[in-house]
Structure formats: C-alpha cells, structure tokens
Amino acid sequence: MVAPTTKKLFSVTLRVWRQAGPAQPGHFVDYPAANVNPDMSFLELLDVVNDGITKDGGEPIAFAHDCREGICGTCSCTINGKPHGPGQGIATCQLYMRSFADGDTIVVEPFRARAFPIQKDLVTDRSAFDQIQQAGGFISVRTGAAPDANSIPVPKEDADLAMDAAACIGCGACVAACKNASAMLFVAAKVSHLGLMPQGQPERDKRVFAMVQTMDAAGFGNCTNQYECSAVCPKTITHDFIARLNRDYLGALFRAKFKPVSNAAGGGGS
Amino acid sequence: MAKLDSKTPAGPLADKWQKHKQEIKLVNPANKRKYEVIVVGAGLAGSSAAATLAELGYRVKNFVFHDSPRRAHSIAAQGGINAAKNYQNDGDSVHRLFYDTLKGGDYRAREANVHRLAEVSVNIIDQCAAQGVPFAREYGGLLANRSFGGAQVSRTFYARGQTGQQLLLGAYSALSRMVGAGGVELHTNSEMLDLVVVDGHAKGIIVRDLITGAVSRHSADAVILATGGYGNVFNLSTYARQSNATAIWRAYKRGACLANPCYTQIHPTCIPVSGDYQSKLTLMSESLRNDGRIWVPKKKEDAKKDPASIAEADRDYFLERIYPSFGNLCPRDVASRAAKRMCDEGRGAGESGLGVYLDFSDAINRLGEAGVRERYGNLFDIYHEITAESAYKTPMRIYPAVHYTMGGLWVDYNLMSNIPGLFVLGEANFSDHGANRLGASALMQGLADGYFVIPYTIGDYLAQQKPGSRPPADRAEFKQAEENVTAMTKRFLANQGREPVSHFHKRLGKLMWEYCGMARTKQGLETALQKIPALREEFHANVKVPGSGDTLNQSLEQAGRVADFIELGELLCRDALTREESCGGHFREEYQHPDGECKRDDEKFGHVAAWEYQGEGQTPLRNTEPLNYEFTKMSVRSYK
C-alpha cells in the first residue's frame, strides 16, 4: 500500500509545553525526532513522538485534534510563537513538515488566553465560544416553519460575503494571537454572517448585544486594531468584519434609545 | 432471535409517510416536558434532532465527546446536499430522487424509507435557508445547483466546498438556541460507554467525562444514537481521527442488531497514501468530477512519466470510455473499482502506482483559471498543502479511500432499533442508502432523520410510556453497566503491555483493507476471520495504556475505541463472507459480470442481514429482513 519514499529524511527537536492539569505549573520538555519525512503532517509527527514516549514508559503529550483537514477547528497549538504555526491560511493539522528544516527546534505551546484555561498540555477549554453562540448566534426559526427557500432571494454578493464570514471554524487562533486576547474577530464573523442575510434582520440588534455582552463577560479583551487575528486566521477572515461588528453594535445602541416599543410587548396571547 | 418488523405502513408509496404521520400517536404539549430524551452525538442528525425535540418541549440531554458540538465530522462534508426542488427545471421530482437513490444503493434499501427521504429533502433546504445557511446563489438571488454522481439532473445545493460545515453550523445554531433557552442540557467532552436496558427498553447511558475521568449514569425515557459511521475500522479513511463506533458497538452488545456491516463505501477521489506514519486520508470532493476528467496512461510504460509528457492520444479517459452516459459522474463504487482495475493493470500514476489523474486542463481552457478557482479554489488549496503540487498546472493524483459506511444499527420505519426506546439516526443506522450511497445524500439523510422524522416517530413510542415512569439511575441495571465501564478502564490501565494503541489500529486497518476493502474473496475473508481474533487477543495482552483514569487520557479513550473496532472488524468480515453476491460497495470477486460489474443475487440475498450478539466468544446470529419491492423492479444497475 505504501511505496518506499525517495524523500530526504531529516531531524528536528520538539520543545513542548507539558502541564499535568489546570492547577499544576507547566514547563517545556525537549523531544528529539529523527527520520522526519517532509510529506508528514506536523500532527502525524506528534503521533509518532507520542508512540515513542509511550513505549519508553512516559505519558504522551495531550493535544486536541480531530478532522485533520482544517475544518473542525479542534487543533490548536501555537507553534514557534504563532497560532497554527508558520503557514498562512491553514490550521495546525494542515501544516506539513516540509515547512521546517533539518536541525530546527520547534516550540509548541497551547493557545494562551485567560478565557481559554489550559486543561492539560496543549489542550485548552474553549467553551466560552459556545456560550457566545448560545447567547445569540442564531436565527430563531422553528423546524418546519420555514417558507420555500427561493421565496427569500439573497443577492449573490451578500451571500458570498456572508459565506466569507461563515467560514470561521471556531478554533480560537484569533484570540491566541491577540495581545489583548480579544474574541472580536470570532464574534464579528458570526454577527456578520447572519447580519448580511435577509433572514438575519429581525434579530440583528438583539443578537449583537447578546453576543458582545457574553463575550465581555467571558473575560476576552478588547480590540485595539492590531489585526494579528486575521493574520493567523486559518480561514483568512478579514478584520473588516470587526469594523462591521462595531457599526452594528453602535447602530443597535442608537436604535435602542429611540426605537418605539409596543405596550403589548411581552404580553401573553388572549 | 430478534424480531425484525420494519413497520412499513401499507398503502401507495407516495402516501405512506403522510398517512403514517396521521396515524401515529401524539404526546400533548403539557406532557412533553415530562419526558427526558438522551441524544448522543451532535453531527447533523444529532444536533438537528436535539434542537427540534427541545423546540417541541421535550427535555433533552445532548452528549458529545467533542469539546463543542460544532466539531462533529459532518462539518467536513464538502460537496453538497441533494433535494428534489427542481429549481433547474430539468425534470427532477421526488420520484426521480427516490429512484436514483434506490438504484444507486443497488436495490438493497427499503423503498418506503427512501421515498420518505426524497419527500422531506425539499423541507430541509427550506429549513436551512431560513436558518441563514449561506448557500451558493445565482445573480438573481435564487439558489444555485450543481450535479453529483449517479444523477442526470442538477439537484445538489452547496456552500462552496464547505456544505457540511455550513449545514452543521445551521443545526448547531438551532441547538445553541435551545441550550440558551434551557431546552437542551449540553454535555461536551462526554463519551457514551454503555447503554442501559431496563425491562427490555433502552432507558439510559453510562458516560465518561473525558476531562475529569468521572463516570456517570443518566436515565431517560428514550435514547437516540446519532454517533456516525464506523469507517475508522480501516484505520486510514476520510473520517476524523476520533470518529468511532463505540456507541453503536456497545448498543450491539446490549442486544441491538447491527445490519449490513459489509456495506462500506470507498470514495474514488482521495489524495493517495504517502507513508506509514499517515493518520488520515483527505477527500477531494466528488463535485470535482463535474469538471475534472479522470484518466490513466494507455500504456504501462507511460505510468511513471510526467503526465504533461503523455500525448492526448495516449491517455485513457476510462470512465468516459466504459460509462458513456454517466462518464466521470458514475456512482462512487463504480468509479472506485474502475480506478482499482486500471492500477491493477499496472497503469496507475505516481511513485506508488496507486493513483489516477483527475485533470482540469479542459475546464481551465473552457472557464479560465479564475472560473475554476471560483468553483473549487479551496479544494485546490487543500491539495496543494498536502502534496505541494498545483492542480492548476498538473493533474491531481487521486485514489479511492474509505469514506462512509452504509451499514449500521438496524432500525424500523420509525428509526427505532429492535430494542424499544433506542432510536438510531444518520450514518449510525443502516436504513436509506442500501449497498451504496450517492454523493450529497449523507447530509440529506442526517438532516431528514433529525429535523423531520424523529420528531414525529419518537412521539409514537413516548405516548406509550407513562410520563415520569423512567427508572431512577440507582437501579441495578445502571449500577451493573457502570461497573462494566469502570472495570474496562481499570483493565486497560493495569495491562502490562508494550505496544501503543496505534500499533494495533494500524494492523487492523491493513488487514481490513487487504481482505475486506474494494474487492473481497471467500478465501481472503476466511483468512481475515483467522487473523482478526488473533489480533484481538494480542491487543488485550500487549497494549500499553499509560497515565491514569481520573484525568484527560487520550490513550485510554483510543484503547476502548480500538478494542471495539477489532470486534466490529470481525463482524464486518463475517457479514461480507456470508453475503455471497456483489452489490454496491460490497464487491465479491467470485460474483461479477464479465465486464467487472456487480452480480447481485436477489433471490438469495434480497434481504437485510441484521446480526445479533450472542455473548463473548459466540458466533453472532444472522437475522434477516426481506426487502419487499412493491413498486420498483430490482433490475441490473447500469450507468453505461
């Protein structure tokens, strides 16, 4: 099934953050790795290193991963100081060893942010993103209540732009890259995706309030326009969406001041 | 012997579902909140079911082993979702989608289930569009479509090459809304490790918290499994690394029948294997076959040459040659086997000889590079990242890989297994795709089951259970199941083995691919049935699971999953050996037409094989459910 490779193999050292649990102190440990194939993915190298650690009687490095094709958003290492490593527009699982050279020392850390506490080694708790979504990242439509799909035309440009934002995989690299650990790019992507669609208009103001408030409460910092978030985003989501989020938020604030409210609001049916 | 009553409603095919919905029992709105329903899994089927049941008023507990429901592997589906909308005015209809799906499945699915799937397909698109799923649009603002294999109409809706992601995010948004509203209690990082059966009914599950290691009991009035397929039994596949069969396998060991496990789908267009370290095979969407042309060199001598140096006249566009009417868009099983035959003849491309070319030069001439980039840009990027080659300049090299499993837990028309109260949705069940699934139909089935079938059919079961009658979690059955789980954990951790879990998973995968992959033989399967039990014994004697049970321990998680895969692999081979015919994804070399196509035996095997566990070390029982075709004729599938 596998032909012997003609590729030149090389050696690297992995310098990996080890931390037994959330309350324990962490530290770096060096793991030399020989016979690295340039066509191997970075996570496959971690697999191989882990098998070696296991055989030697140690405890393997815990790391988050699943689809290994850049779409599920589970993998989450900071590699040589950059979330998802040296590549552009890719997640850690799409990083291949051909990006490194013989003799390199590769520093591997978890995503670091107050709102993403470390669970073990390279694994962090990113459930704050789910809480933001639960607060307002949806269009309230009951199953079965939808009109015919073509009854709501969506201009192609809007649908395309909404799709650019919707491509977010929820990995949290934007937070890890930001010196303020801000989640603005994540929230902006979600708010923009739904706000660009006609279906998303009725709840647009409510949504932006709820999501921004939940984001703040979760301990994420503020945006100071450094754009490190979009530089590391595996889906290259642009920080233009942050400007859009700010406009949406301000507009919603303004409208909330002057919007007339029905006396019957919140009343039950007769 | 299990009783397998499909409960297919009587009456004309097109009326069955409507009539059934009118006849099944309802639970009144005030009573719904008295019922608790457990949903395991949060892919398309699980999250759509959990959200919809909560909207109806049931109290839902959703368990996922991922850290977020949005990570389930439905997210990776690329190409699209089928629906009989006929927006293209090209002659599509519910009946045509039904017929294409039934035929694509090589006449091994139930007619009534497939027809229902085609009927609700149109509602799915409406639902998803209303949720804000950013489907591809035409300039007029209406929905765009593309073509997929096994169909001669354009009925596939898509969102770039990320349709699964967008549909899952839609279902996840509905689920998140219900979590926020208190209708769903969400348990992430929680893996189901046993099913609890009380007085013959499924009434709960045992769960391990993957972060703390805590084992807990959960009781409910009904249990829904939406835990996906078992393709990782082959180790290398397009599945996510963590995708596993543990939930369905443990349910099988509690008495749920496992149907047609030998129906496995090998997808023709994946990136070939590059080395022994490989953990995953990456799919190149079937949608690429709309514009890409598949070829190999006509002459063996050319196989190792640079494709650019091979003259047009020396290329064999074998799918277009063998299947002129469907060409590059013939179904997956047909295309995969054709590619294998070319490679077996020594005409395969690349260093390993295990590859065929998928060439876009005609499409680039026709649409320009920008046009091709707009349609498939992200797929070309993925290909470039993995192979360091540009498919705009040189043809892709592709090879078949395990992608989907049509088999799964047996369910009746209500999606209930033979254990009352246990429902199974999506890829985890066996019901709608027969022996082969058409492209863009998995998303359709997952969402059909979750949004539009289970919300009705579960009511029929719950209406027959007294509100508040679910057993407390301190009953003996729960205690016994929990002890079962704890004992397994202890056994793994105490084992004095030498090899990591991955060592055994790789060996199992190689056995399965060699003896039970794209082409199977009696002799090969018998060999596998010798080797797999031996591997199982070696695994339990020699596996090394470091660390402890009261913390995040990925080796421990994987050990349990691989233990189940080894047992499931054996059953898969047994099913393949017993089914002495070829159909869809199950190809037995002894049973083929002279042109290499599947030779079915409807008389002897026009049935579902549902395996029933008989205890450790015992040969499982093979139950059958006859497939009664009332409206369609089981005919020879032809794509020529």
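Contacts between residues 24 or more positions apart make up 71% of the contacts in chain A that have a separation of 6 or more. The model is a predicted one, and in it 50% of the 270 residues of chain A count as buried. The C-alpha trace of this chain spans about 70 × 45 × 35 Å along its principal axes, and its secondary structure consists of eight helices and seven strands.

Covering residues 42–55, α1(A) runs 20 Å from its first C-alpha to its last, close to the 20 Å expected for its 14 residues at 1.5 Å a residue. Its buried residues are F42(A), L43(A), E44(A), L45(A), L46(A), D47(A), N50(A) and T54(A). These pack against β2 (27–36) of chain A and also against two helices of chain B, α13 (501–516) and α15 (554–578). Just after the helix, G57(A) adopts a positive phi of about 90°.

Elsewhere in chain A, helices α5 (residues 184–195) and α8 (residues 240–258) meet: their axes come within 8 Å and cross at roughly 70°. Because of this angle, α5(A) is roughly perpendicular to α8(A). The crossing is left-handed. On the α5(A) side, the contact is made by M184(A), L185(A), V187(A), A188(A), A189(A), V191(A), S192(A) and G195(A), while α8(A) supplies F241(A), I242(A), R244(A), L245(A) and D248(A).

Conventions:
Residues are numbered from 1 along each chain as its sequence is written. Chains are lettered from A and ligands numbered from 1 in the order in which they are written. This is a predicted model: local features need pLDDT of at least 70, side-chain atom pairs count only at pLDDT 80 or more; totals for chains, interfaces and linings use all residues. Axes are lines fitted to C-alpha atoms, for helices over the stretch in contact, and angles run from 0 to 180 degrees between N-to-C directions. Helices (H or I, at least four residues) and strands (E, at least two) are DSSP runs, numbered from the N terminus. Angles under 35 degrees count as roughly parallel, over 145 as roughly antiparallel, 65 to 115 as roughly perpendicular and the rest as oblique. A crossing is left-handed if the near helix is turned anticlockwise from the far one by less than a right angle, and right-handed if clockwise. Two residues are in contact if their C-beta atoms, placed from the backbone, lie within 7 Å. A residue is buried if 20 or more other C-beta atoms lie within 10 Å of its own, exposed if 12 or fewer, and partly exposed in between; C-beta atoms are placed from the backbone. The expected span of a helix is 1.5 Å times one less than its number of residues.
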